[in-house]
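Please examine the sequence and the structure displayed below before reading on. The paragraphs that follow proceed from helices to sheets and then to charged pairs.

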Amino acid sequence: MQWKSLVLGLLLLRLGLHGALWLAFGLGHSLGFYQRFPISFGFQCLRGPEGRAEAASSAQPFWLKAPGLRGPRPPPPPLPPRRAQAGRGLRPERGPGPPAPGVCPKSYWASLLGGRARGAGGDEYERRYSGAFPPQLRAQMRDLARGMFAFGYDNYMAHAFPEDELNPIHCRGRGPDRGDPVLGSLLSAHRIITDSKQPFGDMTIKDYDNELLHMARDLALRLLPAFENTKTGIPYPRVNLKSGVPPDSNNETCTAGAGSLLVEFGILSRLLGDSTFEWVARRAVKALWNLRSNDTGLLGNVVNIQTGHWVGKQSGLGAGLDSFYEYLLKSYILFGEDDDLEMFNAAYRSIQSYLRRGREACNEGEGDPPLYVNVNMFSGQLMNTWIDSLQAFFPGLQVLIGDVEDAICLHAFYYAIWKRYGALPERYNWQLQAPDVLFYPLRPELVESTYLLYQATKNPFYLHVGMDILQSLEKYTKVKCGYATLHHVIDKSKEDRMESFFLSETCKYLYLLFDEENPVHQSGNRYMFTTEGHIVSVDKHLRNSPWKKSLSEEGEEHQEEKPVPRPKPLDLKVINSSLNCNRIPDERRYSLPLKSIYMRQIDQMVGLI
């Protein structure tokens, strides 16, 4: 009898261990101890308590597969901006009932998430992020963001001005910064000074006679030689403000650099009544657009300005391409030119078809979460397995067009990387779950998307994200005279440089995130931020273009454009205003924007848990 009891005990122990492994990790059906653990980015059961279970595959991650197999969605129609006000919405939850065969029960998900079943208090994600963000804490974070800016700015003025940047460790200046965005700042300041409503308080200057506008014109005139003597109309990447284009200038430029002048040059032209600046910027955009692939509709990231040949054939959303897409949409928002919107919609369809991988819906269904990868512009085939930190701007752009649900997923991926390192590495390899390029120069893109998603959803989750970012910056980057670039996001070693965009963008978006009473949100005016973070009011005065017809005719004479699908022009709204965002349903404001099952999935995929 003793040996029978011993055998029975061992059998029960074996079954118990297998049951524990099944609940915790979802390991296969075999009762043998020599289980093979399939490597997968997904869960064994991925639709949650109400969806059908699907066994995890040992195949490669779906992001590595070619487009069209399952993940990328078919090309969507142009997105109506009104969707931004309430998002696509989550499908209604099904009523309770016994799980069907092959369906993961609620107890499975409760144990997997380390929490309790719905109705029993929620899991750790809900406990950490759901519910209201206390007003006192919000005010504390607002003051911390303001103090962060003041500390950096005061030290810059004390130790670096008039040089372009600050070395915050050794407390001295550095420069020049060849990418200093002066033109946008001159135009933004001029608009604020001359605004008859003065929503930010009295920002007028006594006896002001448009001096900043005249300086902007002078600067733009000095930039015009970059557009001369190019066979394509795409500008040179460098120009000397005194002598023009250097004789040995490089003939190769990135798409973002050449195609991101239309907002500033367009504002200047419309304020002056001189079409010259907008014409050269728009010609460059059209030239790049006409070089896109006939098969995929994608653009590369580096082009020869004389031959029009693509030197860099990588198509993605990060460095080299980011602000090109951004300015197609923002130019339409400001100027109302239908061509800009049509180009953006066509580009967005190509992005969704060839760059987007993962499950079709952000907040439901099976498979890996949506991610935008780098592909060959001509074939759409994957070129590498890294993404860069500049791509974190894209959720904010998706907010502006109303694709809020997809923005939520992509933002969650970048936030998970931030949580792991306390910063965003310049490049992150999603296959290796490790940084490829380890430095973090205090970039603002994730903060900007966080701010815009909060404005679109009013979900306190994004206030928690902002608080995490603020605290990480204070903990890891603050030094004697400012905030320093992280040389290595893992060991937190520093470089002696504080980029100017840290003050003009990173601190600004953090402050606006927590300052709900700011005139940007409460004045009733509509505002847009340029790619360098300069604020521009959106009003009818910038939509007056007496030269519109002549611009169109000249463009047709100089180049034969590829046909562009012409959807019905959209009544696009600027949605980074709390007045529009108050329409978000209350039931979504205090629940997680992304279901906790998918948050945990993303955290696992970046190696956070």
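A crossing of two helices is left-handed if the near helix is turned anticlockwise from the far one by less than a right angle, and right-handed if clockwise. The model to which this term will be applied is a predicted one, in which local features need pLDDT of at least 70 and side-chain atom pairs count only at pLDDT 80 or more, while totals for chains, interfaces and linings use all residues. Residues are numbered from 1 along each chain as its sequence is written, and side-chain values use heavy atoms, with hydrogens and water left out. Helices (H or I, at least four residues) and strands (E, at least two) are DSSP runs, numbered from the N terminus.

Two packed helices are described by the angle between their axes and the distance between the axes. Axes are lines fitted to C-alpha atoms, for helices over the stretch in contact, and angles run from 0 to 180 degrees between N-to-C directions. Helix α5 (residues 135-159) packs with helix α17 (residues 500-514) at an angle of about 165°, and their axes lie 8 Å apart. The two helices, α5 and α17, are therefore roughly antiparallel. This term applies to angles over 145 degrees; those under 35 count as roughly parallel, those from 65 to 115 as roughly perpendicular, and the rest as oblique. The crossing of α5 and α17 is left-handed.

Attention now turns to a single helix. Helix α10 covers residues 276-289, which makes 14 residues, and its first and last C-alpha atoms are 20 Å apart, close to the 20 Å expected at 1.5 Å a residue. The expected span is 1.5 Å times one less than the number of residues in the helix. How many of the 14 residues of α10 are buried? Twelve of them are, and α10 is thus described as mostly covered. Buried means under 20% relative accessible area, exposed means over 50%, and partly exposed lies in between (1.4 Å probe, protein chains only). Among the buried residues of α10 are Phe-277, Trp-279, Leu-288 and Trp-289, and the charged residues Glu-278, Arg-282 and Lys-286 also belong to this list.

The sheets come next. Strands of a sheet pair through backbone hydrogen bonds, either parallel or antiparallel. Two strands are said to pair if DSSP finds at least two bridges between them. Strand β4 (residues 302-304) is joined to β3 by three bridges, and Val-302 in β4 is the bridge partner of Cys-254.

Another open sheet of three strands has the order β10-β11-β12, again with antiparallel pairing. Here β10 (386-388) and β12 stand at the edges with a single partner strand each, so one side of each has no neighbour in the sheet. Three bridges connect β11 (residues 427-429) with β12 (residues 434-437). Arg-427 has Val-437 as its bridge partner, and Asn-429 has Ala-434. The hairpin of β11 and β12 has four residues between the strands, and Gln-433 takes a positive phi near 55° there.

The final topic is charge. Side chains of opposite charge can pair when their charged atoms come close. A salt bridge is a side-chain nitrogen of Lys or Arg within 4 Å of a carboxyl oxygen of Asp or Glu, and a search of the whole structure finds 21 of them. In one of these, the closest N and O atoms of Arg-222 and Asp-218 are 3.0 Å apart. Both residues lie in helix α7 (residues 211-223), four residues apart, about one turn of the helix. Arg-222 is partly exposed at 36% relative accessibility, and Asp-218 is partly exposed at 38%.

Lys-286 and Asp-339 form a salt bridge at 3.8 Å, N to O. This pair links distant parts of the chain, for Lys-286 lies in α10 and Asp-339 in helix α12 (residues 338-354), 53 residues apart. Lys-286 is buried at 12% relative accessibility, whereas Asp-339 is partly exposed at 31%.

Arg-356 and Asp-406 also form a salt bridge, with their closest N and O atoms 2.8 Å apart. Arg-356 belongs to strand β7 (residues 356-357) and Asp-406 to helix α14 (residues 404-421), so the pair ties together parts 50 residues apart in sequence. Arg-356 is buried at 0% relative accessibility, and Asp-406 is buried at 1%. Finally, salt bridges that share partners join Arg-270, Glu-278, Arg-282, Glu-337 and Asp-340 into one network.
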